[in-house]
Amino acid sequence: MTITDNSYWYRISVSIPWINRASLFIIYFWFGLLKLFSKSPAEALIANLHRITIGHFIRIKCFLIVLGITECTIGILWLLPKFTKWTIMVFFSQMATTFLPLFIMPDQTWSKFLVLTLSGQYILKNIVLVACALTIYKDYRRESRMSVTIL
């Protein structure tokens, strides 16, 4: 099967990065807003992680505001392709901290061996966000190489 510029599969393949961008925007912006308005279901987990790691540097209320603003900003940046390289760096920095509770707070993320708590499942689903981000980045790199080749 040959994929031409006007085929159904070509149109689908071109739209996938934008579907991923829109999905990451919705998730990041929405979850960031929930943190800004103290409505996040993850707030207790975040507060415990904050207490264990950086609690003596910044108060939890300030931290939640900074985190909420950061997540909203990451969400908006996903919609701006020219900032993809920067967005991916900030995204992976934030993702690294998101996975921390699985390792430093096992009592809150694992109920027994290989069985995650609801909080642990909430964290582990971020693997899907990483896959979306990598798809976007792969497309961004391909587009960057194509534009250089054309010039």
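Trainee: What pattern does the protein chain follow when read along the sequence?

Mentor: Helices (H or I, at least four residues) and strands (E, at least two) are DSSP runs, numbered from the N terminus. Here the protein chain follows the pattern α-α-α-α-α-β-β-α-α, which comes to seven helices and two strands. Please keep in mind that this is a predicted model: local features need pLDDT of at least 70, side-chain atom pairs count only at pLDDT 80 or more, and totals for chains, interfaces and linings use all residues. Residues are numbered from 1 along each chain as its sequence is written, and side-chain values use heavy atoms, with hydrogens and water left out.

Trainee: How many of the 151 residues are buried, as a percentage?

Mentor: Buried means under 20% relative accessible area, exposed over 50%, and partly exposed in between (1.4 Å probe, protein chains only). By that rule, 30% of the 151 residues in the protein chain are buried.

Trainee: Which residues make the nonpolar surface patch?

Mentor: Patches are made of residues with over 30% relative accessible area and no salt bridge; like charges are joined within 9 Å, nonpolar side chains (Val, Leu, Ile, Met, Phe, Trp, Tyr) within 5 Å. In this model W18, I76, L79, L80, F83, W86 and M89 make a nonpolar patch of about 680 Å². Take L80 as one member: L80 lies in the loop between α3 (60-78) and α4 (84-104), and its relative accessible area of 35% makes L80 partly exposed.

Trainee: What share of the contacts joins residues at least 24 apart?

Mentor: Contact means heavy atoms within 4.5 Å. Among contacts in the protein chain between residues at least 6 apart in sequence, 66% join residues at least 24 apart.

Trainee: How many aromatic pairs does a search of the whole structure find?

Mentor: Rings of Phe, Tyr and Trp (its six-membered ring) pair if their centres lie within 6.5 Å; planes under 30 degrees apart count as stacked, over 60 as edge-to-face and the rest as tilted. The search finds six aromatic pairs. One of them is F25 with F29: the ring centres are 5.4 Å apart and the planes are at 25 degrees, so this pair is stacked. Both residues lie in helix α1 (residues 8-36), four residues apart, about one turn of the helix. F25 is partly exposed at 24% relative accessibility, and F29 is partly exposed at 27%. Elsewhere, Y28, W78, F91 and F92 form one aromatic cluster.

Trainee: Which charged residues sit over rings, and at what distance from the centre?

Mentor: A charge sits over a ring if NZ of Lys or CZ of Arg is within 6 Å of the ring centre and within 35 degrees of the ring normal. The charged end of R21 sits over the ring of W18, 5.4 Å from its centre. K125 lies over the face of Y122, at 4.7 Å from the ring centre.

Trainee: How many salt bridges does the structure hold, and where are they?

Mentor: A salt bridge is a side-chain nitrogen of Lys or Arg within 4 Å of a carboxyl oxygen of Asp or Glu. The structure holds two. In one, E71 pairs with K35, and the closest N and O atoms are 3.0 Å apart. That pair links distant parts of the chain, with E71 in helix α3 and K35 in helix α1, 36 residues apart. Both E71 and K35 are buried.

Trainee: And R142 with D139, at what N to O distance do the side chains meet?

Mentor: They meet at 2.5 Å, N to O. R142 and D139 both lie in helix α7 (residues 126-150), three residues apart, about one turn of the helix. R142 counts as partly exposed because its relative accessibility is 37%, whereas D139, at 18%, counts as buried.

Key: Areas by Shrake-Rupley, 256 points an atom, 1.4 Å probe, with all protein chains shown as cover.
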